[in-house]
Amino acid sequence: MTLQIALAQVNATVGDLESNTRIVVEWTRKALAQGAQLVAFPEMMLTGYPVEDLALRGSFISASQGALNALPQQLLDAGLGDITVVVGYLDQAEGQPDQFGRPRHSPQNAAAVIRGGAVIARYAKHHLPNYGVFDEFRYFVPGKSPCVFEVGEQTVALSICEDLWQEGGPTVWAREASADLMLVINGSPYERNKDDVRLELCARRAVEAGCSLAYVNLVGGQDELVFDGDSLVVDASGAELARAPQFEEHLLLAAVAPGQVTEIADRLSDDEEVYKALVLGVRDYVRKNNLPSVIIAVSGGIDSALTAAIAVDALGPDAVFGVAMPSEYSSQHSLDDAADLAERTGLHYRCIPIKPMVNAFMQELSLTGIAAENLQARVRGTTLMGLSNQEGHLVLATGNKSELSVGYSTLYGDAVGGYAPLKDVPKTVVWRLARWRNSHADSLGQTRPIPDSSIDKPPSAELRPDQLDTDSLPDYALLDDVLDDYIEQERGAAELVKAGFPADLVGKILQLTDHAEFKRRQYPPGPKISFKAFGRDRRLPITSRWREQTPPQT
């Protein structure tokens, strides 16, 4: 007998238990209408994910349990009592009093199986990840028991996210139970260059378990994380049966039987993946925080142009406000590019010259050199924040990961903002994404959103006459190569020199990066797209005398 399943790849909001519950009921109705016997929702669906320290609040645990306990009757009242529903929620381990070294109130990352107006089975996550962005040993206590249940004549073994990535545990339990399906509910964030490890992992675990495997993943943005969905189903041989699209809500339907391929969404190119992740991150940060609009400093450069294009794609042009703030060093071609960007994208645009404001400061302070350059950036930052407060916009910072790495930004100047779409995007990738977005517009017969001159011209902060970024920094291709090895791969100075980078270049870049830690701590949040984003992934002390020793070039 074939088991008809539906994977509800949906967008939950942290803390909004009422709306998340409503999503479960609505999508269960869709699943039943399309003939599904089983519908599964992502990890921590009722609470949203990750909940971080909310998990340690007894009131939040109680609210989650209350939402879960009310859900079976809500499903029954909606005429959905016959379909089996699997949903993630926050639970509490019984009989474990608070003690030092254990999360307060013994919270558990759990899943419930609902049918016929009742919870018929429960499961607590067995393996708790404690690396990268995950701190689950801080928040949860692990489960120890398997969860196996029946849907018609089919046996289903349940597990949660990290349980799939670790050896043993639920995979072994599924084989021991002679399960027909291993169901895994997930909150797995997107990362650039992740290739297709999910499909490979699911295929391997299906073979080990000796049964089909269904993987349902969360979609949406949550602060600095972006969940891309990419839910899938494989049979017992590891062959792909069904796969959902990335970065959008979707109900993936599949018949769990060898060779019954239903729907397999096309995979995205690397650049399209990253671009869609950034758009989704911006959209959900703005939407879930109930913000009406965003405001961006548009300089005519590539970073502000890409940020504006992302914002317009995420929110629509009516919710995006661009401000050009020329100083006496701003070139006419930069002003022209900023105005051209506004016309191409349809965003709201105004020009506010900052020379009078800068002059007023200079009359009192008499600054020179870098201090005078940074003053211009800070006047721009103050102008943006003033407009933000007055008109209710969220300021989007436009800096990229390369600049943030080496401290090439001004605190309380171009670093101001509530969200930073390019925070985890190296400069070389900024150019790639801009070219991809324009090429995508070409393929759709639409206007290119980003002026070609913004992409092609040499980057400059335009804070002094004839200034170029290369006056202070290496060529960005070389800089990003070194930074990738130092930050993403955690290679030391000696390894970098051994790899062929000039010793003096390595010394300069590493010194700039180490000295800029205090700036990064004060930078706005932004969507994580890399293996090691600044913030939750990379946690270094601000006050530290450790410095990498650069060996002589051999």
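**Helix packing and sheet order**

Author: In this predicted model, helix 15 (residues 476-488) packs against helix 17 (residues 503-515) at an angle of about 65°, and their axes are 11 Å apart. The crossing of helix 15 past helix 17 is right-handed.

Reader: Which residues of helix 15 and helix 17 make the contact?

Author: Helix 15 contributes L478, L479, V482, L483, Y486 and I487, while helix 17 contributes L505, I509, L510, T513 and D514. By class, the residues of this contact comprise nine nonpolar, one polar and one charged.

Reader: Turning to the sheet, in what order do the four strands lie?

Author: The order is 17-16-15-18, in an open sheet with parallel pairing. Strand 17 (348-351) and strand 18 (393-395) each have a single partner strand, so they stand at the edges and one side of each lacks a neighbour in the sheet. From one strand to the next, the twist averages 25°.

Reader: How many bridges join strand 16 to strand 17?

Author: Four bridges link strand 16 (residues 320-324) with strand 17, and the two run parallel. In this pairing, F321 stands opposite H348 of strand 17.

Reader: Which strands does helix 9 touch, and which does helix 11 touch?

Author: Helix 9 (residues 332-345) packs on the sheet against strand 16 and strand 17, and its direction makes about 160° with that of strand 17. Helix 11 (residues 369-391) also packs on the sheet, touching strand 15 (293-297), strand 16, strand 17 and strand 18. The direction of helix 11 makes about 155° with that of strand 18.

Note on methods. Residues numbered from 1 in each chain as written. Predicted model: local features only at pLDDT ≥ 70, side-chain atom pairs only at ≥ 80, totals over all residues. Heavy atoms only, no water. Axes fitted to C-alpha atoms, helices over the stretch in contact; angles between N-to-C directions. Left-handed = near helix turned anticlockwise from the far one by under 90°. Contact = heavy atoms within 4.5 Å. Nonpolar A, V, L, I, M, F, W, Y, C, P; charged D, E, K, R; others polar. Pairing = 2+ DSSP bridges.
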